[in-house]
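This report describes the fold and contacts of the model shown below.

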Amino acid sequence: MFHNIGEMMVLFWRTLCAWPQAWNQRRKILDQMFEIGNASLLMACVLSLFLGGVIALQSGPVLRERGLVSLLGGLVGLSIAKELAPVMISVLIAGRIGSAMAAEIGSMTVYQEVDALRTMNINPTHYLVLPRLIGIVVMLPMLVVLSILAGWFGGALVATNNTGIALSFDAYFNNLRQVVNVKDVVSGLCKSFAFAAMIGVVSCHQGLKTQGGPRGIGRSVTKAVVNSIVLILILDYFLTRFLMVFEQ
Amino acid sequence: MNPTLNTQTGISLEVRGLHKSFSGQPVLQGVDFFVEPGEIFVVMGPSGSGKSVLLKHIVGLELPDAGEILLNEQIVRGLGSFSQYRVGMVFQSGALLNSLTVGENVGLYLTEHRIGTPEEIAQIVAQKLQIVGLKNIEHKFPSELSGGMKKRVAIARALVIEPQLMLYDEPTAELDPLMAVVIANEILRLNQTMHSTSIVVSHDRELVFGIADRIAIIVEGKILVVGTPDQIRSSPNPLVQSFITANVSKDRNVV
């Protein structure tokens, strides 16, 4: 395990050092950004819409019973912005994009395409890892911003239409505006930025160390997704703890 | 075109005492040989004898446990050799990038190293494809090509580097006899026209005796014998004889 973590940190460092190559790889970076955004935008928004809806559905009637329903907007707004949208969208991206990265690079490794790049003096870190890492690091926070908006809207839809809650649209968003600050959204975006880098590195690393045939590719994809999700949840705790220092 | 790619002379290769093990299993056990500049040197041996691993060491994809590789009498280690010498490799599978078109594959080295304008690269790609007998397939994807065409595209891609040392890993594997002859003729023609040193790894006897200046027989990670095709044919070594004369006999197989 420590060997793998060490390898991933080396890969991350090499990719950071390859940053000056980003302009040369701009076409591949744009392709990756389009791929990630196009593949995940709708799904991320639908997921967050229902996420916001279900929080409102669960907590709305309880708050109304206690005469606190006017706080629902803030509750949904904070939960979505600081925690649920960054974590859930990152999990979604790990499953959808991380798996695709591991499978594509894994298949290139198994079928000697990566070796062919090396024999042409083309660094696989520059050619394969850098565009994917930049693509996911740029696109995941963007998807999280849109997901936060979708989640807030989902909560509002349930709050206004569910008779057990019966909170007006204006009351919901007034409370949300009072409770949720820009720094809460920024805190969620910081998390998503870190999760994106982690998903990119884990998935590319698994792809590059793939061995064997199709079964090896399958194993790499599974490991990339499972490791990414586990690391998202672990990293989430430590990032939350770290970001709390700035909120005090 | 980059002026550094214009000199086209073969380089010598020397392998000294090469040892390599994977998980304690010895694959190469002290391989030694010398290849003259411009020579076609064929390494022949049964499957699993360490031929492809040997090629990976020469091209720098694997590092030896012991021993050294010298290009033009200079020790090289790993992929560092590419900064001094141009080494092209044709993989057994072709190893074309499936997400790129044929034209993008062949021009990949030039595009990534920013050698020439897109128009110049397109011209070089067409020229290299023509050398291997292919025309107007730049916009096709590797999945649309036959096995023989993929091999020839892989050769064209290696030629773009204008290699001083060209390595072929099982160039006729999985090809029908007619296509195998086409590829063998290509290797001969390229060696004669481009004067690069060629190392061919194969267990295809027709190919080996048809193109080789010298042949090395490798068995279980050791070079048994090195010599010209005639010397190999007349070798008294029973292992060499059993390998080069092995034939299917219907009578012997009938119980």
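## Chain A

Chain A has 8 helices and 0 strands. This is a predicted model. Along the sequence, the elements of chain A follow the pattern α-α-α-α-α-α-α-α. The C-alpha trace of chain A spans about 70 × 35 × 35 Å along its principal axes. Chain A has 248 residues, of which 45% count as buried. For contacts in chain A between residues at least 6 apart in sequence, 88% join residues at least 24 apart.

## The six-stranded sheet of chain B

Chain B holds an open sheet of 6 strands in the order β6-β7-β8-β3-β9-β10, with mixed pairing. Its edge strands are β6 (87-90) and β10 (222-227) of chain B, each of which pairs on one side only. From one strand to the next, the twist averages 15°.

Strand β8(B), residues 197-202, is mostly covered, with 6 of its 6 residues buried. In a regular strand, side chains alternate between the two faces of the sheet. Both faces of β8(B) are covered: Thr197(B), Ile199(B) and Val201(B) are buried on one side, and Ser198(B), Val200(B) and Ser202(B) are buried on the other.

Strand β3(B), residues 40-44, runs parallel to β8(B) and is joined to it by 5 bridges. Within this pairing, Val42(B) has Val200(B) as its bridge partner. Strand β7(B), residues 165-169, also pairs with β8(B) in the parallel sense, over 5 bridges. Here the bridge partner of Leu167(B) is Ile199(B).

Strand β9(B), residues 214-219, runs antiparallel to β10(B), with 5 bridges between them. Ile218(B) stands opposite Ile223(B) in β10(B).

| Strand pair | Sense | Bridges | Example of facing residues |
|---|---|---|---|
| β7(B) and β8(B) | parallel | 5 bridges | Leu167(B) and Ile199(B) |
| β9(B) and β10(B) | antiparallel | 5 bridges | Ile218(B) and Ile223(B) |
| β1(B) and β2(B) | antiparallel | 8 bridges | Leu18(B) and Val31(B) |

## Helices beside the sheet

The axes of helix α5(B), residues 147-159, and α6(B) come within 10 Å and cross at roughly 10°. Angles under 35 degrees count as roughly parallel, so α5(B) and α6(B) are roughly parallel to each other. In this contact, Gly148(B), Lys151(B), Arg152(B) and Ile155(B) of α5(B) meet Met179(B), Val182(B), Ile183(B) and Glu186(B) of α6(B). These residues divide into 4 nonpolar, 1 polar and 3 charged.

## The four-stranded sheet of chain B

Another open sheet of chain B has 4 strands in the order β2-β1-β4-β5, with antiparallel pairing. Its edge strands, β2 (25-35) and β5 (74-76) of chain B, each pair on one side only. Neighbouring strands of this sheet are turned by 30° against each other on average, direction ignored.

Strand β1(B), residues 13-22, is antiparallel to β2(B), and 8 bridges join the two. Leu18(B) stands opposite Val31(B) in β2(B).

Two loops of this sheet hold residues with positive phi. Most residues other than glycine have a negative phi. Ser23(B), in the loop between β1 and β2 of chain B, has a phi near 50°. Glu73(B), in the loop between β4 (66-71) and β5 of chain B, has a phi near 65°. Ser23(B) counts as exposed because it has 4 C-beta neighbours inside 10 Å. Glu73(B) counts as exposed with 9 such neighbours inside 10 Å; the cut-off for exposed is 12 or fewer.

## Contact between the chains

Between the two chains, 13 residues of chain B are in contact with 11 residues of chain A. Helix α3(B), residues 108-112, supplies the largest share of the side of chain B that touches chain A, with 3 residues. The residues on that side of chain B divide into 11 nonpolar, 1 polar and 1 charged.

Conventions: Residues are numbered from 1 along each chain as its sequence is written. Chains are lettered from A and ligands numbered from 1 in the order in which they are written. This is a predicted model: local features need pLDDT of at least 70, side-chain atom pairs count only at pLDDT 80 or more; totals for chains, interfaces and linings use all residues. A residue is buried if 20 or more other C-beta atoms lie within 10 Å of its own, exposed if 12 or fewer, and partly exposed in between; C-beta atoms are placed from the backbone. Two strands pair if DSSP finds at least two bridges between them. Two residues are in contact if their C-beta atoms, placed from the backbone, lie within 7 Å. Axes are lines fitted to C-alpha atoms, for helices over the stretch in contact, and angles run from 0 to 180 degrees between N-to-C directions. Ala, Val, Leu, Ile, Met, Phe, Trp, Tyr, Cys and Pro count as nonpolar, Asp, Glu, Lys and Arg as charged, and the others, Gly among them, as polar. Angles under 35 degrees count as roughly parallel, over 145 as roughly antiparallel, 65 to 115 as roughly perpendicular and the rest as oblique.
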